[in-house]
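Student: I have a model open on my screen and would like to work through it slowly with you. Could we take it one question at a time?

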Amino acid sequence: MLTYSERVAVSSEQRKACLALALDAAEHAGAAALPFFRTGASVDNKAGEAEMGRGFDPVTEADRAAETVIRERIKGAFPEHGLLGEEFGHQEGNGLTWVIDPIDGTRGFVTGQLHWGVLLGLFDGQAPVLGVLHQPFTGETFFGSGGRAGYRHAGEERALRVRPCAALADAALAATTPRMFKSGEERAAFDRVDGAVRFTRFGGDCYNYALLAMGCLDLVVEASLQPYDIQALIPIVRGAGGVITTWSGGDPCMGGTAVAAGDARVHEEALHLLNQ
């Protein structure tokens, strides 16, 4: 289990080396997952027996293959670092921990849709210092590190920047699914925000945060998150100039709830409605 601890200092040179590894590992993990995409690969349900028939937490050979690739590459380059992956659990290290979601958006993956990706972040004990999202089918890579965010596609690279949005009433909102709001109170809070925006789109998983960083969305509101669902995305959103917190305005690193906005004014309005 990942917990907060004393922050491990990471120099600019170390950050640069770790980002290079993260980009490489995510791309190779994507290459390992891609042969399973749109092939009718078998899907297992990780939901506990008590949830069988009601819960569905899918995992495929692609998830396992992608996480295996990432772990092998990290161990080869930084054997002293810790690892936390969705499929193979937590291995403690020197205080720096790589946080891995080999396929975020497995439901999208198994239904042949495009809104899924390989997520990889590096946690320094207090915050993720870098994050990468790689979508191997489209060949897109989003990354954040050192207060900036970038986008790679077809051999070109450019900076990512959120777009301004003066008011919640003008905002485009995204969330993966309304089912992620488990309690009546959570769903009511989300509905207040949903009722105040220009329009809402469901689906998207990790890709929603990338689109926000790209300036295509204004707001993402989610719940029921794990650390590996969100840590890689935090540096991307913040590096593009966005704001991301929990619904209470706290640190989203450990999962739970998240509200990400491209404009601080929209974030403030959303927090007000979520906490009424």
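Student: Leaving aside its neighbours within four places in sequence, which residues is leucine 160 in contact with?

Tutor: Please keep in mind that this is a predicted model. Leucine 160 is one of the residues that touch the most other members of the largest nonpolar core, which holds 58 residues. Once the neighbours within four places in sequence are set aside, the contacts of leucine 160 are Phe142, Ala149, Gly150, Tyr151, Ala213, Met214, Ile236, Gly239 and Ala240.

Student: Which helix gives the largest share of this core?

Tutor: The core has 58 residues, and among those that touch the most other members are Phe142, Tyr209 and Leu219. Its largest share amounts to seven residues, and these come from helix α5 (residues 207-214).

Student: Phenylalanine 142 and tyrosine 151 form an aromatic pair, but of which kind?

Tutor: Both phenylalanine 142 and tyrosine 151 are buried. Their ring centres are 5.0 Å apart, with 50 degrees between the planes. Since an angle over 60 degrees would count as edge-to-face and one under 30 as stacked, the pair of phenylalanine 142 and tyrosine 151 is tilted.

Student: How many residues apart in sequence are the parts that the pair of phenylalanine 37 and phenylalanine 137 ties together?

Tutor: These two phenylalanines form an edge-to-face pair, at 5.2 Å centre to centre and with 65 degrees between the planes. Phenylalanine 37 lies in the loop between α1 (12-33) and β1 (43-45), whereas phenylalanine 137 lies in the loop between β7 (128-135) and β8 (140-145). The pair therefore ties together parts whose separation in sequence is 100 residues.

Student: Which residue has its charged end over the ring of phenylalanine 137?

Tutor: The ring of phenylalanine 137 belongs to one aromatic cluster with Phe37, Phe109 and Trp116. A charged end also sits over this ring, 4.7 Å from its centre, and it belongs to arginine 38.

Student: Which strands stand at the edges of the open sheet of five strands?

Tutor: The order of the strands is β12-β11-β13-β15-β14, and their pairing is mixed. For example, β11 (residues 172-175) and β12 pair in the parallel sense over four bridges, whereas β13 (residues 219-225) and β15 run antiparallel and are joined by five bridges. A strand with a single partner has one side left without a neighbour in the sheet, so the strands at the edges are β12 (199-202) and β14.

Student: How many of the six residues of strand β15 are buried?

Tutor: Strand β15 has antiparallel partners in β13 and in β14, to which three bridges join it. Helix α8 (residues 264-274) lies across β13, β14 and β15, and runs at about 145 degrees to β15. Strand β15 is largely enclosed by the rest of the structure, because the number of its six residues that are buried is five.

Methods: Residues are numbered from 1 along each chain as its sequence is written. This is a predicted model: local features need pLDDT of at least 70, side-chain atom pairs count only at pLDDT 80 or more; totals for chains, interfaces and linings use all residues. Side-chain values use heavy atoms; hydrogens and water are left out. Rings of Phe, Tyr and Trp (its six-membered ring) pair if their centres lie within 6.5 Å; planes under 30 degrees apart count as stacked, over 60 as edge-to-face and the rest as tilted. Helices (H or I, at least four residues) and strands (E, at least two) are DSSP runs, numbered from the N terminus. Buried means under 20% relative accessible area, exposed over 50%, partly exposed in between (1.4 Å probe, protein chains only). A charge sits over a ring if NZ of Lys or CZ of Arg is within 6 Å of the ring centre and within 35 degrees of the ring normal. Two strands pair if DSSP finds at least two bridges between them. A nonpolar core is a set of buried Ala, Val, Leu, Ile, Met, Phe, Trp, Tyr and Cys residues joined through side-chain atoms within 4.5 Å. Contact means heavy atoms within 4.5 Å. Axes are lines fitted to C-alpha atoms, for helices over the stretch in contact, and angles run from 0 to 180 degrees between N-to-C directions.
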